[in-house]
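I opened this entry to look up a few local features. My notes follow the order in which I checked them.

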Amino acid sequence: MKKNIILCGFMGCGKSTVGALLAKKSGMAFVDMDTYIEKKEHRSISRIFAESGEDYFREKEREASRELSQKKGLVIAAGGGTLTFEENVQVLRKTGRIVLLDLPLETVSRRLSGDTSRPLLNRPDKEAAMKELYERRLPLYRAAADLIVDGSQSPLQVCMAILSS
Ligand code: S3P
């Protein structure tokens, strides 16, 4: 059975879109980690944050990382925060290859301009918060990644870059 492929990167970098296409192209199964957590919790990510707080969500994310790392042959779209925690990097890397979809802040910002589904960015100072988070996380993503691909290409091009490397 093939090693898992774990897609990593900032919110809005295309992890879910690329992940679904990559799974189709490679014949692997696709798991979106946020959806996985939502199904187990029977509520949306926004509600988990609002009702139980970020620390609770991060615990669920750690659990999901541990559970999914025990499977093989998966394309996993991680959450934007997942691979900023060393514990999750260690556990997911054991059975998978971590691929960073790299995208400049300007593109991320444009893509997320009308978005209200990300609790971390649902605030009046959205732009400043996004910049601070992006700059803090980028070195962590880069350190976690086994492969870095240009996320500003089309989803198909990103898939091809991953499959050919
Ligand atoms: C988060 C990113 C989200 C989701 C949650 C927290 C983050 O996933 O896991 O809102 O910390 O960056 P996406 O990257 O799929 O939006």
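**Helix H8**

I began with helix H8, residues 155–163, where the buried residues are Val158, Cys159 and Ile162. Buried means under 20% relative accessible area, exposed over 50%, and partly exposed in between (1.4 Å probe, protein chains only). These three cover an arc of only 100° around the axis, which puts them on the same side of H8. I took the arc from the directions that run from the helix axis to the C-beta atoms. An α-helix has 3.6 residues a turn, so residues three or four places apart point the same way. Next I looked up the cover over the buried residues of H8: it includes strands S1 (4–8), S4 (96–102) and S5 (147–150), and also helix H1 (15–26). Contact here means heavy atoms within 4.5 Å. Helices (H or I, at least four residues) and strands (E, at least two) are DSSP runs, numbered from the N terminus.

**Basis**

The model is predicted: local features need pLDDT of at least 70, side-chain atom pairs count only at pLDDT 80 or more, and totals for chains, interfaces and linings use all residues. Residues are numbered from 1 along each chain as its sequence is written, and side-chain values use heavy atoms, with hydrogens and water left out.

**Ligand**

I found 13 residues around the ligand, and the closest are Lys15, Asp34, Arg58, Arg118 and Arg137. A residue counts if one of its heavy atoms lies within 4 Å. A polar side-chain atom of Asp34 is 2.7 Å from a ligand oxygen. For Arg58, a side-chain N or O atom lies 2.7 Å from an oxygen atom of the ligand. I noted 2.7 Å for Arg118 too, again from a side-chain N or O atom to a ligand oxygen. Taken alone the ligand exposes 390 Å², and the protein buries 95% of that. The areas come from the Shrake-Rupley method with a 1.4 Å probe.

**Loop between H2 and H3**

His42 sits in the loop between helix H2 (33–41) and helix H3 (45–52). His42 has a positive phi of about 55° although it is not a glycine. Is His42 buried or exposed? His42 is exposed, at 72% relative accessible area.

Arg43 is in the loop between H2 and H3 as well, but Arg43 is buried at 13%. I found its side chain in polar contact with that of Glu41 at 2.9 Å and with that of Glu51 at 2.8 Å. A polar contact is a pair of N or O atoms within 3.5 Å; within protein, one must be able to donate a hydrogen and the other to accept it, and residues adjacent in sequence count only if both atoms are side-chain atoms.
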